[in-house]
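Thanks for coming. I have one model to go through today, so please look at the screen.

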Amino acid sequence: MTAFRRSSRSARVLVPAAVAVALLAGCAQGAGGAASAADPTPRSSVSPGASAPGPSITVTPAPAGTGAAAPGTLLVADFGSDTVTFVDPARGATGSVKVGAAPYGLVVGEDGRAWVATAEGVAVVDTATRRRLALVPYLTDTGPVTTGEYRGGGMGIALSPDGRRVYVGVNVPGGNGALEVVDTTALRVTEAVEVGRRPFDVDLSRDGTEVYATNHDSFDVTVVAADTLRTRRVEVAPYGTEGGLGSWLKPHYTAVRPSDGKLLLPFEGERLAVVDPRTGRTTIEPMTANTHQHGVTVTADGTLFTVGTGPIDPDEDRGPSLTVRTPAGVERVYPLEGPHESVAVSRDGRTAYVTGGFTRDGYWDGLTVVDLASGDTRRLAAGARPLGIAVL
């Protein structure tokens, strides 16, 4: 039996409500308790009434002599602005495209179109011509368009394996969120279904038959059948749900393990929750970074990359880091300077790119480039509070 390091985290999450509101902005904010998604839930009856594609808009031009983005170019979502920015890993930002307020997650298809979850709708960007092709509004009422970490609108986003559908998690301030389905040919939302609170991340099973919405503020993952939109709620709370509004110990982002389709959710650099989405059963494996963790990605060989944002308690926890975990569970922890949020890996697997946007205070306008062999790091300017990231 594995021995876990004893943690006092459960003793640190309960705070008076007034203190929670004043001090625990970010991960600790948001309503606690369970989501209300039923098991199963009927398909939503919605009208596919999204507007037609919008006009292209003015963009910052690409460098002279370039057409399609060079392989290895990075695309980041500028959560602190209304743009996505193209980044050359060697020399920094090379151009931006206006997409909509406070873009969060993004995903890029094989056709070169990027799908960006903004506060206003899902933006469609041609990464070769660097133009916005459309802005697809949400069906869900998210209230006035605002910015900041609690703004309504799209958060996590994923593209089906056949490229025909985009799934976006839509945050509804003060209530449960929605998973909306975008038809990538018609460029409109066709269906929506209720999920949990603040869907930070959206992922797909390997065959595209299931969609997973990771809901930060309801301690759960909503498993959605892609064909019927029936839902199942799976609680993921290795520290329990005690603390509600004041709890830091909630799920953030999920990676789907290539070998068996199980969901990997890191918590606090101490525990990796391994969730079987078919049974809802969760097993726990130890981790070593001892830091609050956010963004994740997994490579084809099953190597897991996890972003550590920094300590909850500086007297007990370690600073920001990037954890690289092999399929056998062996970890290497790379220290980082300052908080970060999301991570992507170069196509040759030698370099990691970690965005500095962060959903809380302490963010910065750039990313850290990590040489995975040597451990060397360097900072690179890259847009305004970059959050989501993809390698083109």
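First, the ground rules. This is a predicted model, in which local features need pLDDT of at least 70, side-chain atom pairs count only at pLDDT 80 or more, and totals for chains, interfaces and linings use all residues. Residues are numbered from 1 along each chain as its sequence is written, and side-chain values use heavy atoms, with hydrogens and water left out.

The sheet, then. Strands here are DSSP runs of E, at least two residues, numbered from the N terminus, and two of them pair if DSSP finds at least two bridges between them. Four strands make an open, antiparallel sheet, ordered β4-β5-β6-β7. Ala-114 sits opposite Val-125 of β6.

Now the spaces. On a 1 Å grid over the protein atoms alone, a cavity is a set of points where a 1.4 Å probe fits but cannot get out; a pocket is an open set with protein on both sides within 12 Å along at least five of seven lines; lining residues have an atom within 4 Å of a point. Volume is the space filled by probe spheres set on the points, which are joined across faces, edges and corners.

The largest pocket has a volume of about 1,600 Å³. It is lined by 48 residues, and closest to its centre are Leu-106, Val-107, Asp-203, Thr-297 and Val-298. Strands giving at least two lining residues each include β4, β5, β12 (199–204) and β20 (292–298).

The structure has one cavity of 30 Å³ or more. Its lining consists of Phe-79, Tyr-104, Gly-148, Glu-149, Arg-151, Met-155 and Asn-171.

Last, the angles. Which residues have a positive phi without being glycine? Arg-198 does, at about 50°, in the loop between β11 (188–194) and β12. Glu-268 does too, with phi near 60°, in the loop between β17 (263–267) and β18 (271–275). Buried means under 20% relative accessible area, with a 1.4 Å probe and protein chains only. Arg-198 is therefore buried, at 4%, and Glu-268 is buried at 1%.

Terms used:
Buried means under 20% relative accessible area, exposed over 50%, partly exposed in between (1.4 Å probe, protein chains only).
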